[in-house]
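Open the model in your viewer. Follow the stops below in order.

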Amino acid sequence: MSAPASTVARAATKRPHLTHFLMIPLGHIPDLRDRVSLFTNALLATEPVIAGLDMSVIIPPRRLHLTLGVLSLVKQQSQAKDSSQTTINAAVDLLHRLKSDLDRAVCPDGKVTVPLVAMDIMRSGKGKSTPHVLHIGPSELEGTALKRVTDVVYHAFKTAGLLQDDRPLKLHCTVVNTIYRKPRSKSRIPFDYASIRQSAAVASILEPQPATRQSLAAPPEDAQPEAAAAPTSRKDDGRRRLNKPELHIDLGVWTVDEVQLCEMGSHAEDGAYVCVGSVPLFSG
């Protein structure tokens, strides 16, 4: 008996095993590690305890990074089972060949900086927002060296057909991910994002908002009272809280110095990912 067409289609579109990823490392910066650790430790110390949050889901500070793309690489080309696969050496060579383009991308500013000024949860393309990943990162990228550098690397590997994710690139630094929860459960347990937003830990990193004259002024005498909000269900209220926009925070602006190709799931002696190739983000 032949397999159902749907099964054949799924098998035909199955992506190869992911092995490596392109990234801009952040965890090697001591002061950045300290700032982020202070925040995540404060989250863990929140009383009452934030549901779904424990040490196992916190990303170790030495592994903090911005992901630029994920790849499936092999040691020898004969091992490739898909046109999107190439060797580790070929991917490193491609990264090295981008040096002159990266120099031009950095040149107008002289350096590449990463502002950690926004916090949000990972959302699917359909707007679903079950909180499993909490991330921080830049808010506006247009016109920055970071955007130019990201475009050079992303488009080069995309054009070569090596990137394994078709979703638009969203630069972010993950600080909480429930996929690492221990002990493991049959299904992923989300964290309570509403409690995180309302915590003293988040209040301590919020970007200061200057008081506006309008907000301080008394309402005019002829102002009409606001209409009472329509009652909402607990489910609707929870969905509204999850769908709130990103929070504007201040965890510093940091200068970064290279793009790396790293092995997924690996651990170097210092706790970072194992880097198999890199290219510097400065002229010379």
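A cavity is a set of points, on a 1 Å grid over the protein atoms alone, where a 1.4 Å probe fits but cannot get out. Grid points are joined across faces, edges and corners, and a volume is the space filled by probe spheres set on the points. Searching the whole structure gives one cavity of 30 Å³ or more.

This model is predicted: local features need pLDDT of at least 70, side-chain atom pairs count only at pLDDT 80 or more, and totals for chains, interfaces and linings use all residues. Residues are numbered from 1 along each chain as its sequence is written, and side-chain values use heavy atoms, leaving out hydrogens and water.

**Stop 1: the cavity.** Select A118, M119, D120, H135, I136, G137, P138, K170, L171, H172 and E246, which line the largest cavity (lining residues have an atom within 4 Å of a point). The volume of this cavity is about 50 Å³.

**Stop 2: the pocket.** A pocket is an open set of points with protein on both sides within 12 Å along at least five of seven lines. The largest pocket holds about 1,600 Å³ of space. Its lining counts 46 residues; select M122, R167, H172, T174 and N177, which lie nearest the centre.

**Stop 3: S199.** Leaving out residues up to four places away in sequence, S199 touches L43, T46 and I50 (heavy atoms within 4.5 Å). Next, pick the backbone nitrogen of V202: a polar atom of the S199 side chain lies 3.2 Å away.

Note on methods: A polar contact is a pair of N or O atoms within 3.5 Å; within protein, one must be able to donate a hydrogen and the other to accept it, and residues adjacent in sequence count only if both atoms are side-chain atoms.
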